[in-house]
Amino acid sequence: QDGLATKRFGREAVYFDAIASTQNEAHRRAEAGAPEGLVVIADVQTGGRGRLGRSWHSPPETGIWMSLVLRPDVPLPRVPQLTLVAAVSLADTLAACTGLSVGIKWPNDLLAGGRKVCGILTELAAEADRVHYVILGIGLNVNQTEEDFPPELRARAGSLAMAAGRSFSRVALAQRMLEGLEADYDDYLQKGFAPFKRRWEARAVSLGQRVVARTPGGDFVGIARGIDDDGALLLEQANGALRKIYSADLDL
Ligand code: BT5
């Protein structure tokens, strides 16, 4: 916490040498009444999670594995915007701290050096249509070398150090990320999503390109044209119609 210039985010922080998943621990703490801004952070995760039950490789002393408790006063349908707000915020912070060009792949991946360096996992607890809390999980590969990744990830995954050719302080990066997130989150609550839409489009890697969106309802091929006010991806299909994609993995 020394050198952390936030009012709320990370002011209360729980650190673990090893944990199954910071995400699960943050859920437990939020259920028990933890305040907005509580951060759960671990040196290694043995059961790190991605979306849809996928696993997140979280080896020791190389990355930032953290989960932040949020209690946003927004309607339930707007919660997916938080993933995009976080992606924009983190991309800007990481670009500023590393000098790298950091791109966003909709909805939740950050790319540097052409590889995925960061994944964001937004999970929500709600009763009826009231948001109880949101857990924002962030997995950032900082100092891994190619050999630190399992073979099946090597073609697509990378670290900031691999992209930049030098290593970075994980503590300093985590602090700058929390500072940026707090400022952007407050902005989002006050001004809404519109300012982030422009920032998002400036960092998006897939705009104007042909992509395949693999959704729970099937695969859709088209040109990625942007996002709408809800954060859905706008996919231009062969017949010229725009289809809104709310949940998917993109193949570029
Ligand atoms: C994500 O899921 O990208 C969200 C990852 C969130 C991880 C954080 S770490 C702190 C907190 N605690 C947790 O338990 N989770 C959160 P998704 O879009 O589903 O991507 C998962 C896929 O990315 C996997 O199926 C792999 O293909 C790939 N992958 C796994 N580990 C990776 C890594 N370290 N770097 C890059 N890609 C990885």
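This is a predicted model: local features need pLDDT of at least 70, side-chain atom pairs count only at pLDDT 80 or more; totals for chains, interfaces and linings use all residues.
Residues are numbered from 1 along each chain as its sequence is written, and side-chain values use heavy atoms, with hydrogens and water left out.

Now for the helices themselves. Helices (H or I, at least four residues) and strands (E, at least two) are DSSP runs, numbered from the N terminus. Helix H2 covers residues 80-98 and helix H5 covers residues 194-203; their axes come within 9 Å and cross at roughly 55 degrees. That makes H2 oblique to H5. Here, angles under 35 degrees count as roughly parallel, over 145 as roughly antiparallel, 65 to 115 as roughly perpendicular and the rest as oblique. The axes are lines fitted to C-alpha atoms, for helices over the stretch in contact, and angles run from 0 to 180 degrees between N-to-C directions. On the H2 side, the contact (heavy atoms within 4.5 Å) includes Leu-84, Val-88 and Ala-95, while H5 brings in Phe-196, Arg-199, Trp-200 and Arg-203. Sorted by class, the contact of H2 with H5 has seven nonpolar, one polar and three charged residues. In this scheme Ala, Val, Leu, Ile, Met, Phe, Trp, Tyr, Cys and Pro count as nonpolar, Asp, Glu, Lys and Arg as charged, and the others, Gly among them, as polar.

H5 also meets helix H4 (residues 170-191), with axes that come within 8 Å and cross at roughly 130 degrees. That makes H4 oblique to H5 as well. Asp-184, Asp-187, Tyr-188 and Lys-191 of H4 touch Pro-195, Phe-196 and Arg-199 of H5. This contact of H4 with H5 holds three nonpolar, no polar and four charged residues.

H2 and H4 pack against each other too, at an angle of about 135 degrees and with axes 9 Å apart. They are therefore oblique to each other, and H2 passes H4 in a right-handed crossing. Among the residues in this contact are Leu-82, Val-85 and Leu-90 of H2 and Met-177, Leu-181 and Tyr-185 of H4. The contact of H2 with H4 has 11 nonpolar, four polar and two charged residues.

Tyr-185 turns up again with Glu-36: their side chains make a polar contact at 2.7 Å. A polar contact is a pair of N or O atoms within 3.5 Å; within protein, one must be able to donate a hydrogen and the other to accept it, and residues adjacent in sequence count only if both atoms are side-chain atoms. Glu-36 sits in the loop between helix H1 (22-31) and strand E2 (39-45). A polar atom of its side chain also lies 2.6 Å from the backbone nitrogen of Arg-71.

What about the ligand? Of the 28 residues around it, Ser-21, Arg-49, Arg-51, Lys-116 and Asn-141 come nearest. A backbone N or O atom of Arg-49 lies 2.7 Å from a ligand oxygen atom, and a polar side-chain atom of Asn-141 lies 2.8 Å from a ligand nitrogen atom.

How values were computed
A residue is near a molecule or strand if one of its heavy atoms lies within 4 Å of it. A crossing is left-handed if the near helix is turned anticlockwise from the far one by less than a right angle, and right-handed if clockwise.
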